[in-house]
Amino acid sequence: MRQQLSELRRAMQAHGIDLYIIPTDDFHASEYVGAHFRGRHYVSGFTGSAGTLVVTADWAGLWTDGRYFLQAGQQLEGSGIDLYKEMLPETPSILDFLRENLTANSVVGIDGKVFSTTQAIALQEDLAKNDITIKSIADPMNEIWTDRPPMPEAPAFIHEMKYAGKSCPDKLAAIRQEMKKSEADVLLVSALDEIAWTLNIRGNDVHCNPVVVSYLIINEQETHFFIQPEKVTEELSAYLEEAGVTIHAYGDTESFVTRIPDGSIMLDMGKTNYAVYSAL
C-alpha cells in the first residue's frame, strides 16, 4: 500500500472525515493541472490527466476514463487502490457509490478550492437526502506532501495593445456598464482566461494556456488583482497602477472577500471554487 494513502488517512481522521474525494483540478477549474495541484497523482501514483480518487479508512478507488484503463491498471497495482472504469455499464458513478456505501451521519471531505461552487452544492444537496454531510477543509496535501512543488512562479507579462485591440481601462469600463445593467455592486472573476482578457496580461501558469493564476474583483470605483507577489515585475506593477488596478497577494483573496460590503455580487458559480464562495 502507498505510504501517501496512509498519510492521507491520518489527516482524514484528524479532521473527522469518513471519506475524502480528490479530483483532478486546480483552484480555477483549468483544463490542465500544474505540478502544485496534482494531489491525486501524489496520493495514488496514477499519472493520467483525468481521474478522481475516493478514499475511506479501509478502502480506496480511482475513477478514470477509457484512455487510461491500461495505464491506471498498471500504476495502481499493489497500491491498495481499486480501479473503477468510467462509462462501463457495471461501473457505478462516484455519487451512486457514495449513496450505496455511506451510512447516515457520515462525513464526506473535500478541499473546497478544487471543487466549483456548482459541484459542491450539487453534491451537498444530493447526499443530504441520506443524512450525509459535506465538509470543506483546507488542502490536506499541505500537511502530507513534504516536497510539494510551489505554486506557479513564472512572471506575468503585458499583452501588447497591437494584439489586444482594446486597453485595460476601456475593458473595465465596458464591464462596469454590464454590471450596472445587472445591478451588481461587485464582480468576482475566477476564470483565468477572463482575467487575462480584462487586464491584457498573459503568463505561463497553465500548460497550453497563456494565463496567470489569480483572482480579480471589480466594483464601481476599484479593481483588485490577487496574484503571487513574485510574479509581478516592475513593468507589470507600473502598468497595472496606471490602469487603476490594485495588487494584492494571491493568498489574501478569501480574507478580502469576507470584507466586501453588503450588496449584490456577480460571479460564475461554475468557475468560482467553493472555498471562495463560502468565504463570501
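The accessible surface of the protein comes to about 14,000 Å², and carbon and sulfur atoms account for 49% of that area. This is a predicted model. The protein carries 22 positive and 40 negative side chains; the centres of these two sets are 3 Å apart.

The overall dimensions come next. Of the 280 residues, 50% are buried. The chain forms 12 helices and 13 strands. Among contacts between residues at least 6 apart in sequence, 66% join residues at least 24 apart.

Leu188 belongs to strand S8, which runs over residues 186-189. Its relative accessible area is 5%, and because buried means under 20%, Leu188 counts as buried. Leaving aside residues up to four places away in sequence, Leu188 touches Leu216, Ile217, Met266, Leu267, Thr272, Val276 and Leu280. The C-alpha atom of Leu188 is separated by 9.1 Å from that of Val257, 69 residues apart along the chain.

Helix H9 covers residues 192-199, and its buried residues are Leu192, Ile195, Ala196, Thr198 and Leu199. These residues cover an arc of only 165° around the axis, so they lie on the same side of H9. In general, an α-helix has 3.6 residues a turn, so residues three or four places apart point the same way. After H9 comes Asn200, with a positive phi near 55°.

How values were computed
Residues are numbered from 1 along each chain as its sequence is written. This is a predicted model: local features need pLDDT of at least 70, side-chain atom pairs count only at pLDDT 80 or more; totals for chains, interfaces and linings use all residues. Side-chain values use heavy atoms; hydrogens and water are left out. Helices (H or I, at least four residues) and strands (E, at least two) are DSSP runs, numbered from the N terminus. Buried means under 20% relative accessible area, exposed over 50%, partly exposed in between (1.4 Å probe, protein chains only). Contact means heavy atoms within 4.5 Å. The arc is that of the directions from the helix axis to the C-beta atoms. Accessible areas come from the Shrake-Rupley method with a 1.4 Å probe; for residues, only the protein chains shown count as cover. Lys and Arg count as positive and Asp and Glu as negative; His and the chain ends are not counted. The place of a charge is taken as NZ of Lys, CZ of Arg, CG of Asp or CD of Glu.
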